[in-house]
Amino acid sequence: MPRTLSAAESLDDFFADRRRGATGHRLAGIDRAERALRLAVERTAELVLTDDEQVLVHAERQFGVEGAVARVMPASGLLLVLEAYLAHLEVRPTRGAARRIELDTCAALTRHLARELRHLDVLPATHRIELALAGCGAVTQGPGRRLLKVLGLA
């Protein structure tokens with residue numbers, strides 16, 4: 001059985017890759033998207049973590065408040081966080097380039113997780129995320145369609 005990656009490790013790897021070669025507005029957008037997703041991880045702990053994991057979060061916060069949930073949460077929990085994040089994004093009035101970066105980041109993170117977690121059955125969660133991306137209204141030819149193709153749904 002493969003080692004269980006934490007959400008923090010997965011996000012660190014993912015955003016390091018996203019930043020590679022990015023500059024200017026694109027880099028600033030990636031930074032904003034990362035802060036928003038990491039905040040979503042911290043805020044959705046009760047929805048994703050077991051009681052035992054929540055006890056671990058409490059202990060982790062004794063060493064550092066920031067990122068405690070992500071350090072405890074398994075990477076697979078990020079799929080649930082993405083669903084909740086996209087449901088919130090759907091009703092948030094963000095438009096234009098910032099929204100495209102957020103949606104592209106969510107789609108790319110979902111593809112990243114699908115590869116990382118290939119030993120788990122992530123298809124139902126990734127399909128729900130794709131539907132949520134489409135529901136955000138800004139997915140015309142971009143991240144949602146690519147995600148469908150990568151996951152073999154298009």
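## The largest pocket

The largest pocket in this predicted model has a volume of about 200 Å³. A pocket is found on a 1 Å grid over the protein atoms alone, as an open set of points where a 1.4 Å probe fits, with protein on both sides within 12 Å along at least five of seven lines. Its volume is the space filled by probe spheres set on the points, and grid points are joined across faces, edges and corners. Rolling a probe the size of a water molecule over the atoms shows where empty space is left.

The lining of the largest pocket is made of 10 residues, and those nearest the centre are Ala36, Ala40, Arg43, Tyr85 and His88. Helix H2 (24-43) and helix H6 (77-91) are the elements that give two or more residues to this lining. Lining residues have an atom within 4 Å of a point. By type, the lining holds 6 nonpolar, 2 polar and 2 charged residues. Here Ala, Val, Leu, Ile, Met, Phe, Trp, Tyr, Cys and Pro count as nonpolar, Asp, Glu, Lys and Arg as charged, and the others, Gly among them, as polar.

## Basis of the model

The model is predicted: local features need pLDDT of at least 70, side-chain atom pairs count only at pLDDT 80 or more, and totals for chains, interfaces and linings use all residues. Residues are numbered from 1 along each chain as its sequence is written, and side-chain values use heavy atoms, with hydrogens and water left out.

## The chain as a whole

The chain has 9 helices and 0 strands. Helices (H or I, at least four residues) and strands (E, at least two) are DSSP runs, numbered from the N terminus.

The chain has 154 residues, and 47% of them count as buried. Buried means under 20% relative accessible area, exposed means over 50%, and partly exposed lies in between (1.4 Å probe, protein chains only). Of the contacts between residues at least 6 apart in sequence, 68% join residues at least 24 apart. A contact means heavy atoms within 4.5 Å.

## The nonpolar core

The largest nonpolar core has 41 residues, of which Val41, Met73, Leu86 and Leu113 touch the most other members. At least two residues of this core come from each of helix H1 (7-19), H2, helix H3 (45-48), helix H5 (68-72), H6, helix H7 (96-116) and helix H8 (123-135). A nonpolar core is a set of buried Ala, Val, Leu, Ile, Met, Phe, Trp, Tyr and Cys residues joined through side-chain atoms within 4.5 Å.

Which residues does Val41 touch, not counting those up to four places away in sequence? They are Leu11, Val69, Ala70, Met73, Leu78 and Val81.

Ala68 lies in helix H5 and is buried, with a relative accessible area of 0%. Apart from neighbours within four places in sequence, Ala68 is in contact with Glu42, Val57, Glu60 and Arg61. From C-alpha to C-alpha, Ala68 and His58 are 8.0 Å apart in space, and they are 10 residues apart in sequence.

His112 is found in helix H7. His112 is also buried, with a relative accessible area of 10%. Not counting residues up to four places away in sequence, His112 touches Ser10, Asp13 and Phe14.

## Salt bridges

The whole structure contains 9 salt bridges. A salt bridge is a side-chain nitrogen of Lys or Arg within 4 Å of a carboxyl oxygen of Asp or Glu. One of them joins Arg19 to Asp31, with the closest N and O atoms 3.0 Å apart. Arg19 lies in helix H1 and Asp31 in helix H2, so this pair ties together parts that are 12 residues apart in sequence. Arg19 is partly exposed at 28% relative accessibility, and Asp31 is partly exposed at 23%. Both residues belong to a network of salt bridges that links Asp12, Arg19, Asp31, Glu34 and Arg38.

Arg26 and Asp104 form another salt bridge (3.7 Å, N to O). Because Arg26 lies in helix H2 and Asp104 in helix H7, the pair ties together parts that are 78 residues apart in sequence. Arg26 is partly exposed, with a relative accessible area of 35%, whereas Asp104 is buried at 14%. The side chains of Arg71 and Glu60 also meet in a salt bridge (2.4 Å, N to O). This pair links distant parts of the chain, with Arg71 in helix H5 and Glu60 in helix H4 (residues 51-61), 11 residues apart. Arg71 is partly exposed at 34% relative accessibility, and Glu60 is partly exposed at 25%.
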